[in-house]
Amino acid sequence: MTNSSNAAGAPKRTAVQIRGLRKVYRTRGRSVVGVDHVDLDVGAGELVVLLGPSGCGKTTLLRSVAGLETPDLGEISIDGKLVFSSSQKKALPPEDRHLGMMFQSYALWPHMTVFQNVSYPLTSLEPSARGDIKARVHDVLTKLGVAGFEERFPSELSGGQQQRVALARALIGKPSVILFDEPLSNVDAKVRRRLRQQLRDLKQETKFSGIYVTHDQEEAMELADTLAVMDAGNIRQLGTGREVYERPNSLYVAGFVGEVNFWPAELVGVGPHVAHARTDFGTFEIIGATASMQVGQKGHLAIRPERVNIGAPGAPVADPAPRVRGKVREVVFLGARCEVRIELPGAEVMAWLFEAVSHRSPPVAGGAVDVIFEPGSLQWLPA
Amino acid sequence: MTDAAVSGVKVETPRYRAVSIIVVLLALFVFAAIFFPLGVILQRALLPNWKPDFALWATTLAQPELLTAVRNTLIIAFVNTVISVPLGIFFAWLVERTDARWGALSRLLPVIPLLLPPVAMTIGWLFLADPRAGFLAAPMQGFFRSIGLSIDPSSLAVQSWGGLILLYVLFSVPHVYVVAAAAFGSLDPSLEEAARIFGKGRLKCFLSISVPAIRHAVGSSALLTIISSFGLYSIPALLGTAARIDVLSVYIYRLLHATYPPKIGQAVVLGVVMIFVIGLLWLAQRRIASSTGHAQIGGMGIRPNLISLGGWRWPARILLLLYVLLTSVLPLVALFIVSLQPFWRSTIVFDQLSFANFFEFWSDRQSRAAIVNSAWLAVLTTTVVVLIAGILSIVGKNVGGAREKWLGVLTKVPSAIPHIVFAVGVLVAFGFAPFFLNGTWLIIFICYLAVYIPQASIAAESAVQQVGNQLVEASRIFGARPGRTFWTVQLPLILPGLAAGWALIFTLVVGELNAAAILAGPRNPVIGYLILALFDNGTYSQLAALGSIIGLVSGVTVSIALILGRPRFSSKAVRADD
Ligand SMILES: Nc1ncnc2c1ncn2[C@@H]1O[C@H](COP(=O)(O)OP(=O)(O)OP(=O)(O)O)[C@@H](O)[C@H]1O
Ligand SMILES: [Mg+2]
């Protein structure tokens, strides 16, 4: 089953389908939940990024798909083929799952040359399925800009070159899915950015499907077709990067993807389109009420720092949005933006000002400002 | 790879069944070779004819000579441990933690003696310090005369308590060193630094911080020294007999070979007693080790600041060199000289030197057979034992968990049993009905297999540990079945480690005397047997030639194996995922 036959298939097939996955590690009498209740679909040509803090189960999920861990419950199919099912007591070994993988440590075999490393997935195949190995290796190495290193050993390459070789090895067999476990965490920021760019280009070109693990949110946003934010073994939110950023379903997700201002609040009114939330420093309108919102519900009122507007105190009010008078605590110039911390009655808010850098003179510490809360910028995050 | 049994889901692996069966058979074979002989001697000693009967114990323990042998063995074990353990730890501290070391060479220096079989070292020392014909005897006596002391030449003999202990110490120190050096290597250097900052002197720092911090290693190396003191046969056989100092190992040998019919029952009883004593010591050591803990082992990969010895630096280095001189250089030189002489004498007559001795025993059918067969046996057993250990440790690593742990523990059992006792076990278990292997090569092979499996598996396990998990996992992800993964990734990566283990074990087998003394005979002669025969006949120059050959062959094999096994890739890359 190769990718090409998959791409030709009329309905959009799922590359990976995970249902009800649970994996508990038992060591010395203690049990630690790796992942639990995980459902996830990866479409053909889709790159799903798993994002979450250390220990939340990203690697566990990835290794379960790879067949390197045997889960306790659930089902996994790859390319429509069931590879793991706890109810059917079935588990295919990793070598039968037709995968590619890029490891955090690269895991290039130190005793093999670059050529031997990259051709390994092909030489594992039946002779008839191998094709012209030399040409295929040369192709993929050229594509990644590491042609000419065929006869070197991995220890004779730089970190970035090793990474490309590792990527070449993951790509060469045209696997159904490529798994990435923090593949870019060992190189410096510049190389990392270039490799991300290259990875995006490659995905455009070869349309591979993949699961990508990282705890770097910028990387996640950049690469993800779909972003899965994980927490303590569960997927907390699934959606495009934009959806997750703009409509986080919890404080946890909001805080993990980008910066956010938030205050404890209670819903005091829920209409068909708008809701009202009361905080210590005022009651605010929120646009976009959902069915789950009820009067009396406790949670958080949140706003991204780049959505916070400020105005000079007492300036004419063209904007009907509610304003709160505050005192500037601190102004930090960060190049592309200004970070302003403002003290409100019993609360604090951070604002990122972009125009202030170029056009207007930024607020000064100690001065008074009005903080403007646009209803469309405010969000309700249930507890 | 984790335990599939937890979820009750078995990975579909019908194709690997054949492989699993082979591995299980291999493990069973090894464990049979280890535990069947032990079981048999336990049964013979404790339940002869399957009921408790202590008549055998009564006769065994009633022998008057036994008491002397036990007393002598205990004295040697005690004195040897008391001297060797501090000395070995001190050397390890010097090399690992102070600026007495220079270059990588100094880390190897103290282990050089491990490459020279104890029997070659003993023969060498015989030639050096025999009171009449020893090369050192005349100069030493001259020295004492010149300072006005007239002493009886025989009081400087190596065939004495002093000589015996000297050789036991020379033999034991490198073993202690290896254990202690590893412990120092992983010791958190900040402890020592803290001590130095708080104004402790160098020696005080060594005694009050470094040694207590590695007390676990102290305990296990002391145990190791005691075990080898109990079981060592070559040194007391060659030196103790002339000095009329009998020890247990020689006593057991005599029960089997100097009486007719052989008193196998008594040998078995003594073996069982030794096993129990060592077992008790082992338990005690475990108790002490676990109650004190070893929390100080930091295990960070940073190179510590070496403690500066100041003016003591060169004395320390000279001490290390002197030690290598005494254990390896001097005995080897003595062996070479005597082997070139027509007969052993303390002066060198240059125009009489020749290789005649070498040709002579090459022309002797029995001697030639012993050498050729020993060589084959050594190559064969070493290869088999190292391969089995390699396979078992890879499999152990793959299955993980408790099974890996037990595999590790069980393969180490023979190291806690003196070889001579183990050889008795093998003789009793396989020598007679229903196997009738007495006098065959196979019985020696079985014994060596079991006796050397601990060293082989230690070498293999550390090699396997150094190969990152992800390297193996990557192979499977990229479509390789376990067989291909084994041949293309796991085996090549652990090969350097296995080669080093191979070399070490090869030298041990070539110069092996304990099992050879019990199991070899005119029908299945090996070098060890030949050595004892030459020694008994007093053909010393041939003995020297044989010792030289052993020394040379060991040195050359070790070098070749280490060069061949040297990795082409940096060791950093192997540990890719730690
Ligand atoms: N082999 C194992 N044995 C026991 N517990 C484990 C094992 N592997 C992972 N865990 C536990 O399972 C949980 C999830 O671990 P996992 O490695 O999947 O986290 P992660 O999200 O990949 O973290 P990181 O970002 O640090 O790599 C953690 O609590 C971890 O301690
Ligand atoms: Mg991880």
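Tutor: Helices and strands here are DSSP runs, numbered from the N terminus. The model is predicted. In chain A, strand S2 (30-43) and helix H2 (58-66) each supply at least two residues of the shell around ligand 1.

Student: What makes the contact between Ser54(A) and ligand 1 a polar contact?

Tutor: A polar side-chain atom of Ser54(A) lies 2.5 Å from an oxygen atom of ligand 1. A polar contact needs a pair of N or O atoms within 3.5 Å, so this pair counts. A backbone N or O atom of Gly55(A) lies 2.8 Å from a ligand 1 oxygen, and for a polar backbone atom of Gly57(A) the distance is 3.0 Å. Taken alone, ligand 1 exposes 630 Å², of which the protein buries 66%.

Student: Why is the pair of Phe31(B) and Phe35(B) called tilted?

Tutor: The ring centres of Phe31(B) and Phe35(B) are 6.1 Å apart, and pairing requires them within 6.5 Å.

Student: How do you know whether Phe31(B) is buried or exposed?

Tutor: Its relative accessible area is 15%; buried means under 20%, so Phe31(B) is buried. Phe35(B), at 30%, falls between 20% and 50% and therefore counts as partly exposed.

Student: What makes Arg304(A) sit over the ring of Tyr245(A)?

Tutor: The charged end of Arg304(A) is 4.0 Å from the ring centre of Tyr245(A), and the distance limit is 6 Å. The charged end of Arg317(B) likewise sits over the ring of Trp314(B), 4.6 Å from its centre.

Note on methods: Residues numbered from 1 in each chain as written. Chains lettered and ligands numbered in written order. Predicted model: local features only at pLDDT ≥ 70, side-chain atom pairs only at ≥ 80, totals over all residues. Heavy atoms only, no water. Phe/Tyr/Trp six-rings, centres within 6.5 Å; stacked < 30°, edge-to-face > 60°. Buried < 20%, exposed > 50% of the residue type's maximum accessible area, 1.4 Å probe, protein only. Lys NZ or Arg CZ within 6 Å of the ring centre and 35° of its normal. Polar contact = N/O pair within 3.5 Å; in protein donor to acceptor, adjacent residues only side chain to side chain. Areas by Shrake-Rupley, 256 points an atom, 1.4 Å probe, with all protein chains shown as cover. Helix = DSSP H or I, 4+ residues; strand = E, 2+ residues; numbered from the N terminus.
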